[in-house]
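Me: I have a structure to go through with you, and I would like to know what stands behind each term you use. Could you take my questions one by one?

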Amino acid sequence: MGEMPELRVGSAVDVHAFSTEPRPLMLACLELAPTGGLAGHSDADVIAHAAADALLIASGIGELGTVFGTGDPRWSGASGQALLNEALRLVSERGWSIANLTVQLICQRPRFAPHKEAAEEKMSAILGAPVSISATSTDHLGFLGRAEGAAALATVLLLRPRENA
């Protein structure tokens, strides 16, 4: 019987305010509305950003802000899918693969349930691993409850074969 693979868990949070400028609402690499989007240096997809951050943290590469910093013009306006693809490439280069990823979206709006299945399928296809996404509200408490923004919490389990000594 082979050795147990090396395992790492990473968790991350991403938060964005709703934009005062017209821009698409992106969540889980899906455009949910042509306007009413979140403000940010890139597309402000809190689900994709939290997922990419969890990947980078679990693998020991760094975090979203250091790898895709706002000072780097290459990532200005970048899609959440582009950030996920790059995070996955970096993680894979280090020999890690994704066992699974879970994300919880926290917001008063939009209502996410109608998009859950498509979002999970899209994220699973991008990452090549099972992705589960849930959503909740804060019962109208705080800035999230006042519908001033959205947040996402992501947890990922990475694995890689142990090196033979």
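Reply: Gladly; here are your questions with the values set against the definitions. This is a predicted model, in which local features need pLDDT of at least 70 and side-chain atom pairs count only at pLDDT 80 or more, while totals for chains, interfaces and linings use all residues. Residues are numbered from 1 along each chain as its sequence is written, and side-chain values use heavy atoms, with hydrogens and water left out.

Me: Why is the contact between E6 and R160 called a salt bridge?

Reply: A salt bridge needs a side-chain nitrogen of Lys or Arg within 4 Å of a carboxyl oxygen of Asp or Glu. The closest N and O atoms of E6 and R160 are 3.0 Å apart, so the pair qualifies. E6 belongs to strand β1 (residues 6-17) and R160 to strand β6, so this bridge ties together parts that are 154 residues apart in sequence. Strands here are DSSP runs of E with at least two residues, helices are runs of H or I with at least four, and both are numbered from the N terminus.

Me: How many salt bridges are there in the whole structure?

Reply: The search finds 8. Another of them joins D72 and R74, at 2.6 Å from N to O.

Me: How do you know which residues of α3 and α4 meet?

Reply: Contact means heavy atoms within 4.5 Å. By that test, Q81, L84, N85 and L88 in α3 meet K122, M123, I126 and L127 in α4.

Me: Which residues touch the most other members of the largest nonpolar core?

Reply: They are I47, L84 and M123, in a core of 49 residues. Such a core is a set of buried Ala, Val, Leu, Ile, Met, Phe, Trp, Tyr and Cys residues joined through side-chain atoms within 4.5 Å. Helix α1 gives the largest share of this core, 10 residues.

Key. Buried < 20%, exposed > 50% of the residue type's maximum accessible area, 1.4 Å probe, protein only.
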